[in-house]
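The following exercises concern a single protein chain.

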Amino acid sequence: MHKLILFINLLLIFPITVNAQQNSITFGVVPQQSAKVLATQWTPILEYISNESGISIVFSTAKDIPTFEKRLKLGEYDVAYMNPYHYVEFNQSTGYDAIAKQQSKTIMGVIVAKKDGNIKTIYDLDGMSLAFPAPVAFVATILPQAELKRLNISYTPTYVSSHDSVYLNVSRGFFPPVVASYERLIICQQKPCLL
């Protein structure tokens, strides 16, 4: 809750210049989950900010991370919630500036496998096909792939468009493990996996 309040205050403190012809601001959110889930999470926040600022803020996402990246590259979002890789990639070329970031928090993720499966350690992933959301999803692809490489674990990546799609693929048995990030191996029967 404290993070939400800080986020709202930052948006109110650092006002976004709205063109006289522009009636609204488009707020893009990286599609780590389904559009329905993201809209449920973000719409109340954006409505609150709209009411407090007097500026209409419209929620927007994309069907998958690569489409979101194309929209970032084209500058289609006035404001965007993105991962660190996207910021590095698009802040200079498109002009996105950071107005808020997490501080003093180590990025930590998981590798998830079915509880009744054969995956017990990270080394059991060697030679397998692994599901990732997108080639440049920072925490869910770039970091785990770097760790797998460091450990000399070979794998075949398949990109399935979102974080939720990764979990869905493993729960349906299309992929033995799910790579959501690399810090821990969590054995789960189904999503959500409570950590």
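**Exercise 1.** Determine whether Glu147 is buried or exposed, and identify the residue with which Glu147 forms a salt bridge.

*Solution.* In this predicted model, the relative accessibility of Glu147 is 16%. Buried means under 20%, so Glu147 counts as buried. The salt-bridge partner of Glu147 is Arg150, with 2.8 Å between the closest N and O atoms. Arg150 has a relative accessible area of 57%; exposed means over 50%, and therefore Arg150 is exposed. Both residues belong to helix α5 (residues 138–150), where they lie three residues apart, about one turn of the helix.

**Exercise 2.** State how many salt bridges the structure holds, and describe the one formed by Glu76.

*Solution.* The structure holds two salt bridges. Glu76 pairs with Arg71, and their closest N and O atoms are 3.9 Å apart. The cut-off for a salt bridge is 4 Å. Glu76, at 44% relative accessible area, is partly exposed; Arg71, at 26%, is likewise partly exposed.

**Exercise 3.** Describe the largest nonpolar core and the contacts of Leu72.

*Solution.* The largest nonpolar core has 13 residues. Those with the most contacts inside this core include Ile65, Phe68 and Leu72. Helix α3 (residues 65–74) supplies the largest share of the core, three residues. Leaving aside residues up to four places away in sequence, Leu72 touches Tyr77, Ala80, Met82, His86, Phe90, Thr94 and Tyr96.

**Exercise 4.** How many helices and strands does the chain have?

*Solution.* The chain has six helices and eight strands. Along the sequence they follow the pattern α-β-α-β-α-β-α-β-β-α-β-α-β-β.

Methods. Residues are numbered from 1 along each chain as its sequence is written. This is a predicted model: local features need pLDDT of at least 70, side-chain atom pairs count only at pLDDT 80 or more; totals for chains, interfaces and linings use all residues. Side-chain values use heavy atoms; hydrogens and water are left out. A nonpolar core is a set of buried Ala, Val, Leu, Ile, Met, Phe, Trp, Tyr and Cys residues joined through side-chain atoms within 4.5 Å. Buried means under 20% relative accessible area, exposed over 50%, partly exposed in between (1.4 Å probe, protein chains only). Helices (H or I, at least four residues) and strands (E, at least two) are DSSP runs, numbered from the N terminus. Contact means heavy atoms within 4.5 Å. A salt bridge is a side-chain nitrogen of Lys or Arg within 4 Å of a carboxyl oxygen of Asp or Glu.
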